[in-house]
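This report describes a single protein chain, with attention to its helices, its surface and its aromatic contacts.

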Amino acid sequence: MHTLSGGKRIFRRFKDALSSDSEQLERYYQFVEEQNRKRVSDWFESIEVKLILE
């Protein structure tokens with residue numbers, strides 16, 4: 001698949017490929033947000049900071 005052939009702007013091309021399917025694009029953004037939350041949470045844990053989420 002050309003979209004994922006690597007190189008510069010790979011994620012831009014990936015999102016462009018998904019743009020024709022709004023449901024899949026939304027799933028992608030939800031996945032990215034979930035992963036970012038996990039990375040931040042893991043980082044806080046690594047520096048022994050406890051998060052209080054309300």
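## Terms and basis

Relative accessible area, computed with a 1.4 Å probe and protein chains only, sorts residues into buried (under 20%), exposed (over 50%) and partly exposed (in between). W43, with a relative accessible area of 49%, is partly exposed.

The model is predicted: local features need pLDDT of at least 70, side-chain atom pairs count only at pLDDT 80 or more, and totals for chains, interfaces and linings use all residues. Residues are numbered from 1 along each chain as its sequence is written, and side-chain values use heavy atoms, with hydrogens and water left out.

## Helices

The protein has 2 helices and 0 strands; these elements are DSSP runs, numbered from the N terminus, with at least four residues of H or I for a helix and at least two of E for a strand. Helix α2 has 25 residues and reaches 36 Å from its first C-alpha to its last, close to the 36 Å expected at 1.5 Å a residue. That expected span is 1.5 Å times one less than the number of residues.

Just after α2, E48 takes a positive phi of about 60°. V49 also lies in the segment after α2 (22-46).

## Surface

Of the 54 residues, 7% count as buried. The protein exposes about 5200 Å², of which carbon and sulfur atoms supply 53%; accessible areas come from the Shrake-Rupley method with a 1.4 Å probe, and for residues only the protein chains shown count as cover.

W43, I47 and V49 make a nonpolar surface patch of about 280 Å². V49 is partly exposed, with a relative accessible area of 34%.

## Aromatic contacts

The whole structure holds 3 aromatic pairs. Rings of Phe, Tyr and Trp (its six-membered ring) pair if their centres lie within 6.5 Å; planes under 30 degrees apart count as stacked, over 60 as edge-to-face and the rest as tilted. F14 and Y28 form an edge-to-face pair, 5.3 Å centre to centre with 70° between the planes. This pair links distant parts of the chain, with F14 in helix α1 (residues 10-18) and Y28 in helix α2, 14 residues apart. Y28 counts as buried at 15% relative accessibility, whereas F14 is partly exposed at 26%.

The rings of W43 and F44 have centres 5.2 Å apart and planes at 55°, so this pair is tilted. F44 is partly exposed, with a relative accessible area of 23%. One aromatic cluster is formed by F14, Y28 and Y29.

Terms used. Patches are made of residues with over 30% relative accessible area and no salt bridge: like charges are joined within 9 Å, nonpolar side chains (Val, Leu, Ile, Met, Phe, Trp, Tyr) within 5 Å. A salt bridge is a side-chain nitrogen of Lys or Arg within 4 Å of a carboxyl oxygen of Asp or Glu.
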